[in-house]
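Me: Could you walk me through this model, one question at a time? I would like the cut-offs along the way.

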Amino acid sequence: VRLTVDTVRFPDGSEGQLEMIRHVGASAVLPFLGGLSDPDPEVLLVRQYRYASDGYLYEVPAGLPAGPEESWEECAHRELEEETGMRAGKMTPLTRIYTAPGFTDEVVRLFIATNLEPGELSRDPDEFMEVVRVPFSEALEMVRDGRIVDAKSITTILFTDRFVRDNRRGNGPTAP
């Protein structure tokens, strides 16, 4: 990350200074163990220690690109395998989100992963996490009852439920 203080011209023509945290961005992925059209497929989450939250959070696997040559989809594939030990046969892009546009330009690209097969865990030394398998309905309940409070995870889970799973049931708008 890089912190800057920028002089900004606002829409009304006035000027002011704003702090900005510049961030390379990330990919996040919701891995499905079953098929998307299964009644209640299992998904993988990680329960990860986060210093900023003073404890553990339930999250979808996510991370930063390995370098400027790595695409967001390649990043999602790599992070999925590193954090869960699973490889995706198919990676489907969902959308992108600004995490906190009031002070950072960080954008997270969201994906769902299907057709999983075993791969290799390869966690960073500062990653303390466990992989958790839950039915998709439980992941939704975890959002509802506050066990999942991470914004990228909430967005990925709810976006998938509303625009991917609902569409496959014939109830929603066109899926991506």
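Me: Happy to start with a strand pair: which residue in β8 stands opposite Leu 30?
Reply: This is a predicted model, where local features need pLDDT of at least 70 and side-chain atom pairs count only at pLDDT 80 or more, while totals for chains, interfaces and linings use all residues. Residues are numbered from 1 along each chain as its sequence is written, and side-chain values use heavy atoms, with hydrogens and water left out. Helices (H or I, at least four residues) and strands (E, at least two) are DSSP runs numbered from the N terminus. With that settled, the residue opposite Leu 30 in β8 is Ile 112.

Me: Over how many bridges do β3 and β8 pair?
Reply: Two strands count as paired if DSSP finds at least two bridges between them. β3 and β8 run in the parallel sense, and the number of bridges is six.

Me: What is the strand order of the open sheet of four strands?
Reply: Pairing in this open sheet is mixed. β6 (62–63) and β7 stand at its edges with a single partner strand each, so one side of each has no neighbour in the sheet. The order is β6-β3-β8-β7.

Me: Is Glu 79 buried or exposed?
Reply: Glu 79 is found in helix α1 (residues 72–84). Not counting residues up to four places away in sequence, Glu 79 touches Pro 61, Ala 62, Gly 63 and Leu 64. Its relative accessible area is 5%, so Glu 79 is buried.

Me: What is the phi of Asp 54 near?
Reply: Asp 54 lies in the loop between β4 and β5. At 71% relative accessibility, Asp 54 counts as exposed. Its phi is positive, in a residue other than glycine, and is near 60°.

Me: Where does Asn 115 lie?
Reply: Asn 115 is not a glycine, yet it has a positive phi of about 55°. With 54% relative accessibility, Asn 115 counts as exposed. The element that holds Asn 115 is strand β8.

Me: Which residue in β2 is the bridge partner of Arg 9?
Reply: β1 (residues 2–9) and β2 (residues 15–22) pair in the antiparallel sense over eight bridges. They form a hairpin with five residues between them, and Gly 13 in the turn has a positive phi of about 95°. The partner of Arg 9 is Glu 15.

Key
Buried means under 20% relative accessible area, exposed over 50%, partly exposed in between (1.4 Å probe, protein chains only). Contact means heavy atoms within 4.5 Å.
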